[in-house]
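Thanks for coming, everyone. I'd like to walk you through one structure today, so please have a look at the screen while I talk.

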Amino acid sequence: IGQNYNMGILENAALSELYYCDWYGEYEYNEGVIKQVRASSTLGQQGKVAYSAGNANDLNHETVWCEGVDGNGIGEYIEYTFSANSPRVTTVKIFNGYVKSLAQWQKNARVKQLMVYYNDTALAQLELEDSRSLQIFNIGTVGSNDSWRLRFEILDVYPGTAYEDTVISEIFFGGNDEMDEDDEYDDFDEDYEDEEDFDEED
């Protein structure tokens, strides 16, 4: 649990589309499945730029959530609430820091360690690299037929060169379930185990 896979840096829109599509049969989560994203604190809007929690789940690596307390945000968190019968989560995918540009990424703090809680119970401690690349963590299989939550608490950071603010560009998820007509999850592998010609498409 918590194993990290580093998948390279986003450089353009085409690469962005690749990262946010279905990979190898994984079910990617969207706004229809995640009911709410909230944070313990948020940096106030600066000009036209907002730093709300929802920015970390908009599938846009150029927008960010930034914690809003004095210091580097140790103990602050962002929390995702999933709808009842949402597909179960097996992987967490993170763009750490202000990955929009190298200059912004260096100026602002990045997360070094995250504690993951499943419905208030500690699940895994994620060790993040100091990298603009997409980082993928296996967290086992979590989910419920009732509404459920994943919370990510900042334990440690890599300091920025100019600001103490700690930034996360994106946290999104993968799993091996798909939704059926009754909005209940089915196991992806079981659904397709007899399909010899199954073609994995976006």
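**Charged pairs and the core**

Let's begin with a salt bridge: Arg-151 and Glu-79 form one, with the closest N and O atoms 3.5 Å apart. The two partners come from distant parts of the chain, since Arg-151 sits in strand β10 and Glu-79 in strand β5, 72 residues apart. Keep in mind that this is a predicted model.

So, are these two residues buried or exposed? Arg-151 counts as buried because its relative accessible area is 13%, and the cut-off for buried is under 20%. Glu-79 is buried as well, with a relative accessible area of 3%.

Let me stay with Glu-79 for a moment. Its strand, β5, covers residues 77–82. Beyond four places in sequence, Glu-79 touches Gln-36, Val-37, Arg-38, Arg-149, Leu-150 and Arg-151. With Arg-149 there is a polar contact between the two side chains, at 3.4 Å. And the C-alpha atoms of Glu-79 and Phe-152 are 6.2 Å apart, although 73 residues separate them along the chain.

Now back to Arg-151, which has another partner. Asp-120 forms a salt bridge with Arg-151, and here the closest N and O atoms are 2.9 Å apart. That again links distant parts of the chain: Asp-120 is in the loop between β7 and β8, Arg-151 is in β10, and they are 31 residues apart. Asp-120 is partly exposed, at 47% relative accessible area.

Asp-130 and Arg-110 form a salt bridge, with the closest N and O atoms 2.9 Å apart. Asp-130 lies in the loop between β8 and β9, while Arg-110 is in strand β7, 20 residues away in the chain. Asp-130 is partly exposed at 34% relative accessibility, whereas Arg-110 is buried at 6%.

Now compare that with Asp-165, in the loop between β10 (148–158) and β11 (167–175). Asp-165 is buried yet has no salt bridge, and the nearest side chain of opposite charge is Arg-110, 12 Å away. What does Asp-165 touch, then, outside its sequence neighbours? Its contacts are Leu-43, Cys-66, Glu-67, Gly-71, Asn-108 and Ala-109.

On to the strands. In β7, 8 of the 9 residues are buried. β7 pairs with β10 in the antiparallel sense over 8 bridges, and Gln-113 stands opposite Asp-156 in β10. β7 also pairs antiparallel with β8, over 6 bridges, with Val-116 opposite Ala-124 in β8. That hairpin has 2 residues between the strands, and Asn-119 takes a positive phi near 50° there.

Last topic, the nonpolar side. In soluble globular proteins, nonpolar side chains tend to be buried together. Here the largest nonpolar core has 29 residues, and Leu-150, Phe-152 and Phe-173 have the most contacts inside it. At least two core residues come from each of β5, β6, β7, β8, β9, β10 and β11. Which strand supplies the largest share? That is β10, with 5 residues. Phe-152 has contacts beyond its sequence neighbours that include Tyr-77, Ile-78, Val-92, Leu-114, Val-116, Ile-171 and Phe-173.

That's my tour; over to you for questions.

Conventions. Residues are numbered from 1 along each chain as its sequence is written. This is a predicted model: local features need pLDDT of at least 70, side-chain atom pairs count only at pLDDT 80 or more; totals for chains, interfaces and linings use all residues. Side-chain values use heavy atoms; hydrogens and water are left out. Helices (H or I, at least four residues) and strands (E, at least two) are DSSP runs, numbered from the N terminus. Buried means under 20% relative accessible area, exposed over 50%, partly exposed in between (1.4 Å probe, protein chains only). Lys and Arg count as positive and Asp and Glu as negative; His and the chain ends are not counted. A salt bridge is a side-chain nitrogen of Lys or Arg within 4 Å of a carboxyl oxygen of Asp or Glu. Contact means heavy atoms within 4.5 Å. A polar contact is a pair of N or O atoms within 3.5 Å; within protein, one must be able to donate a hydrogen and the other to accept it, and residues adjacent in sequence count only if both atoms are side-chain atoms. A nonpolar core is a set of buried Ala, Val, Leu, Ile, Met, Phe, Trp, Tyr and Cys residues joined through side-chain atoms within 4.5 Å. Two strands pair if DSSP finds at least two bridges between them.
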